[in-house]
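The following exercises treat a single protein chain, each with a worked solution. Please keep the sequence and the model in view while working through them.

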Amino acid sequence: RGTWKSSEPNQLELSSMALTRAMCPPGSLHDRMVSQLPYVRSYVIRDGHLFLSLMADGGIFEFEPMR
């Protein structure tokens, strides 16, 4: 849980994030996401979704707005 905003091109600000496994089902990507956040190298915002790309083709995390 957290918020993000992009006030200018090439600028992304993340709020303090609250992460917990309490609501994660078995097989969750929680640990992977926490350990790989420092390796984010680029981002794209498309249709209100935030996509974070990891270095060296390590994958892409997608965040969707809460409804």
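**Exercise 1. In which order do the elements of the chain run from the N terminus on?**

Solution. This is a predicted model, in which local features need pLDDT of at least 70 and side-chain atom pairs count only at pLDDT 80 or more, while totals for chains, interfaces and linings use all residues. Residues are numbered from 1 along each chain as its sequence is written, and side-chain values use heavy atoms, with hydrogens and water left out.

Step 1. Take the elements as DSSP runs numbered from the N terminus: helices are H or I runs of at least four residues, and strands are E runs of at least two.

Step 2. The chain contains 1 helix and 5 strands.

Step 3. Read from the N terminus, the order is β-β-α-β-β-β.

**Exercise 2. Which residues in the two hairpins and their loops have a positive phi?**

Solution. 

Step 1. Recall the background: most residues other than glycine have a negative phi.

Step 2. The hairpin of strand 3 and strand 4 has 2 residues between the strands, and Asp47 takes a positive phi near 55° there.

Step 3. The hairpin of strand 4 and strand 5 has 5 residues between its strands, and Ala56 in the turn has a positive phi of about 55°. Ala56 counts as exposed because its relative accessibility is 72%.

Step 4. Asp57 is also found in the loop between strand 4 and strand 5. Asp57 is not a glycine, yet has a positive phi of about 55°. At 80% relative accessibility, Asp57 counts as exposed.

**Exercise 3. Locate Ser6 and list its contacts beyond four places in sequence.**

Solution. 

Step 1. Ser6 lies in the loop between strand 1 (4-5) and strand 2. With 31% relative accessibility, Ser6 counts as partly exposed.

Step 2. Contact means heavy atoms within 4.5 Å. Leaving aside neighbours within four places in sequence, Ser6 is in contact with Gln11, Tyr43 and Ile45.

Step 3. Ser6 and Ile45 are 39 residues apart in sequence, and their C-alpha atoms are 8.8 Å apart in space.

Step 4. For the chain, 25% of contacts between residues at least 6 apart in sequence join residues at least 24 apart.

**Exercise 4. Which residues make the nonpolar surface patch?**

Solution. 

Step 1. Accessible areas come from the Shrake-Rupley method with a 1.4 Å probe, and for residues only the protein chains shown count as cover. The chain exposes about 5,500 Å², of which carbon and sulfur atoms supply 53%.

Step 2. Patch residues have over 30% relative accessible area and no salt bridge; like charges are joined within 9 Å and nonpolar side chains (Val, Leu, Ile, Met, Phe, Trp, Tyr) within 5 Å. A salt bridge is a side-chain nitrogen of Lys or Arg within 4 Å of a carboxyl oxygen of Asp or Glu.

Step 3. Trp4, Leu14, Met17 and Ile45 make a nonpolar patch of about 320 Å². Among them, Leu14 is found in strand 2 (residues 13-14) and counts as partly exposed at 43% relative accessibility.

Technical notes. Two strands pair if DSSP finds at least two bridges between them. Buried means under 20% relative accessible area, exposed over 50%, partly exposed in between (1.4 Å probe, protein chains only).
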